[in-house]
Amino acid sequence: MTFRLARFAGAAAGLRTSPARRWYSKTSDPLRILFCGSDDFSCRSLRALHEEKKRNPALIESMEVMVRPPKRTGRGYKQLREVPCQTLAERLGLKTHQRDTFREWELPEGTNLIVAVSFGLFVPPRILGSAKYGGLNVHPSFLPDLRGPAPIHHALLRRDEYIGVSLQTLDSRKFDHGTILAQTPPHTIPIRPEDTLSTLIEAAGDVGAEMLVQGLRDGLHVAPHEDVGSQLEGKELRHAPKVTKGDSRIDWVSWDAEDFRRRTLVSGSVWSMVLAPSVGPKRAIFRGVKPVPREAVRGKYHVLFSEEAGVEVRVGKESTAAFVVLRDGSWVSVESVLVEGKAEQPAAFALKPFLVDPLLDSPSWDA
């Protein structure tokens, strides 16, 4: 965390904002905020607003928090897991509301601003119109590109080199269609080779939290709202829907090593149907997948048949990993595999029934 904070400290100072902001800051009544959030990304904005409330009570007078109810998880869905924002709000001593709908619910008395960050529940016009200053949203993309609930995930899948953060008003009709009030410059948050989904969420969350607080200080929530415009003229805009299992299904024909790396970052694993005469088609989940240089590859040549094609796999006698050659000649190593109906095993052992000797056209394990 220390590195990330140092790396992006002061990012709000370089934001793209309306030219009018250079000359004056708007003023508003002390803010009584309803904060709507869920995950680690939104927790960073919640924490920043709470700190600003302690520093500057003339700006933020009070805060309450709305979260979604706990969800059932785990085997048999017997465990209830509350969202991180619920835990943080309770630790900060903030009053919380658990709701899965705004129906038959009214804003806490005196609330004049709604802040929704990675909330996932649409704020309807009735609620939005009840707050004097409407609502604000922090979104981790260069809006209007990658509107939707999973912009960082899709930036990775699209092989972008940078991610962005935008501050926008809440729209009364659609998600992520509000007025863009501030936005990071194009190269503020690079996607580095060592980054994970978690580190990118941290980076974007820290920048977004700073952007939100600075926007409130500058009165960007006060009408009239000035749109900073799009940085993406001429670029194809894409939607960023929730990531599904289909996004992590291996395309043996077209994926290269970087596709494997990024999709593993997004989903934690990738999967394919694999075939063997003795056991039939099985779903296999590949974990710990990473690109490797050709000189690191060891072992005997086998073929793994998927529903799309056969691919070369090398496994050595002493190896627990499997090495797979891709269509462009690049290689990836696979640490472990979970075959449908079995426990997770080191890749070399899990794939054993599905590896065929290319010369004998029969199962082979004498590496």
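Student: Which residue in E21 does Ser 336 stand opposite?
Tutor: Ser 336 stands opposite Pro 346 in E21. The model is predicted, so local features need pLDDT of at least 70 and side-chain atom pairs pLDDT 80 or more, while totals for chains, interfaces and linings use all residues. Residues are numbered from 1 along each chain as its sequence is written, and side-chain values use heavy atoms, without hydrogens and water.

Student: How many bridges does E20 share with E21?
Tutor: Strand E20 (residues 336-339) pairs with E21 in the antiparallel sense over two bridges. Two strands pair if DSSP finds at least two bridges between them; helices (H or I, at least four residues) and strands (E, at least two) are DSSP runs, numbered from the N terminus.

Student: What is the order of the strands in the open sheet?
Tutor: The order is E13-E14-E20-E21, with antiparallel pairing. Strands E13 (270-274) and E21 (345-346) stand at the edges with a single partner strand each, so one side of each has no neighbour in the sheet.

Student: New topic: how many disulfides are in the whole structure?
Tutor: The search finds zero disulfides, a disulfide being a pair of cysteine sulfur atoms within 2.5 Å.

Student: Is Cys 43 buried or exposed?
Tutor: Cys 43 is buried, at 6% relative accessible area, and Cys 85 is buried at 0%. Buried means under 20% relative accessible area, exposed over 50%, and partly exposed in between (1.4 Å probe, protein chains only).
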